[in-house]
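Hi,

Here is the structure I promised to pass on to you.

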Number of protein chains: 2
Amino acid sequence: MSLRHGLLGLLAEGPASGYDLTRRFEQVLGAVWPAGHPQIYGELSRLASDGLIEIDSEGPRGRKAYRITESGMTEIRRWLRDSSEVDHTTRLQSLLRSFFFWLMEPADLNDHLMREADFFAAAAGRYRAYADAADRAEATDTPQQRSQRIAIEGGARLYEALAAWARWAADRTELTGDRRRPL
Amino acid sequence: MSLRHGLLGLLAEGPASGYDLTRRFEQVLGAVWPAGHPQIYGELSRLASDGLIEIDSEGPRGRKAYRITESGMTEIRRWLRDSSEVDHTTRLQSLLRSFFFWLMEPADLNDHLMREADFFAAAAGRYRAYADAADRAEATDTPQQRSQRIAIEGGARLYEALAAWARWAADRTELTGDRRRPL
DNA sequence: ATTCCCATGTAAGCTGTTACATGATTCA
DNA sequence: TGAATCATGTAACAGCTTACATGGGAAT
């Protein structure tokens, strides 16, 4: 039920449409919790029929903005407090793959690890840039801003750790000069 | 298709039954790629009817051990090599939650972060202990062992990073003496 | 006019979880 | 003989992805 509560959490910041929420998932939350528009629109309908959100306004081309209700706020707060709702499931295909690296040819493995390192470093860089921007800004003292800062730090540290791991693994697997392939 | 290839990868090490594979997921892979027995038995049937694995032996109480076939080996190697199969999707509820920390009361948040730090530190400790054991052992030079060492390091670094993040966040959110709750 | 972006939705299929169901073997 | 563990499976449901489908509004 994470998507449900993710939507409630975003709507707790203020009214937004399915389209808005889709973009926020794409741009910010997507790196740690992806969600496409079909899932979002579907869940919004369910949230509305359960009375946790309601239509705030209707705009131009069929646009519908939703607003969180009192019971929606109660529900998101209950979810955040209830420790039995915390789910530590993680699915990192990159780590799963690493159990099977011994099946790869050294040159292919080296390529793969370089690509992985690049991908993770890029993700880390995006989060770290966000974090730096937040630190440079004044008036970072609303609870929202402080909490967002923590989230960003989490993303940065996660991807920094994975990037460092991929580089470490690439070093361990290093090939002798002539067999190393350029990217 | 990660589970499919996860099973192929494990079977590349040698024959195993659905029960064996379920336990390996539970004990080792489970922390980065969980899979329950209903999913595993179902996928094994499909792999067998696709000719990627075959029955190796039948044992006591209905036990069936599977063995990877030539085309199974080809398929797992293809999957490992093909960079378009790499999936960087990550779903970390802990990070998703952190975007909504501003909705929590400080005391509840502090409790939550302590629990998170404990959980991640425990997971990191298990992986780190494995890594140390591997480093102390002699004859760690088969490709399997080297590759397993990399996988373990990944798990350790991932959970160490998340533990450090949770502690950092708890420090930032720290309460003044009397409101801090003991665990 | 045409293209691009805004904006919403449905349908089919795949992946994953929970609950149910069964029976053999081992050990105390 | 009773409990624990081994061992396999099915059914129902929940969650998520991909492809399809539609149309309004803005800008060139």
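**Arginines over tryptophan rings**

B:Arg91 sits over the face of A:Trp33, 5.1 Å from the ring centre. A charge counts as over a ring if NZ of Lys or CZ of Arg is within 6 Å of the ring centre and within 35 degrees of the ring normal.

Before you go further: this is a predicted model, in which local features need pLDDT of at least 70 and side-chain atom pairs count only at pLDDT 80 or more, while totals for chains, interfaces and linings use all residues. Residues are numbered from 1 along each chain as its sequence is written, chains are lettered from A and ligands numbered from 1 in the order in which they are written, and side-chain values use heavy atoms, leaving out hydrogens and water.

**Aromatic pairs**

Over all chains there are six aromatic pairs (rings of Phe, Tyr and Trp, the last by its six-membered ring, with centres within 6.5 Å; planes under 30 degrees apart are stacked, over 60 edge-to-face, the rest tilted). One of them is stacked because the rings of A:Tyr127 and A:Tyr159 have centres 6.1 Å apart and planes at 10 degrees. A:Tyr127 belongs to helix α6 (residues 106-136) of chain A and A:Tyr159 to helix α7 (residues 143-172) of chain A, so the pair ties together parts 32 residues apart in sequence. Helices here are DSSP runs (H or I, at least four residues), numbered from the N terminus.

Are these two tyrosines buried or exposed? A:Tyr127 is buried, at 7% relative accessible area, and A:Tyr159 is buried at 2% (buried is under 20%, exposed over 50%, partly exposed in between, with a 1.4 Å probe and protein chains only). In chain B, B:Tyr127 and B:Tyr159 form a stacked pair, 6.1 Å centre to centre with 10 degrees between the planes. Both B:Tyr127 and B:Tyr159 are buried.

**What lines the largest cavity?**

A:Phe120 turns up again here, along with A:Leu92, A:Gln93, A:Ser94, A:Leu162, B:Asp87, B:His88, B:Thr89 and B:Thr90. A cavity is a set of points, on a 1 Å grid over the protein atoms alone, where a 1.4 Å probe fits but cannot get out; lining residues have an atom within 4 Å of a point.

Best wishes

Definitions and conventions
Helices (H or I, at least four residues) and strands (E, at least two) are DSSP runs, numbered from the N terminus. On a 1 Å grid over the protein atoms alone, a cavity is a set of points where a 1.4 Å probe fits but cannot get out, and a pocket is an open set with protein on both sides within 12 Å along at least five of seven lines; lining residues have an atom within 4 Å of a point.
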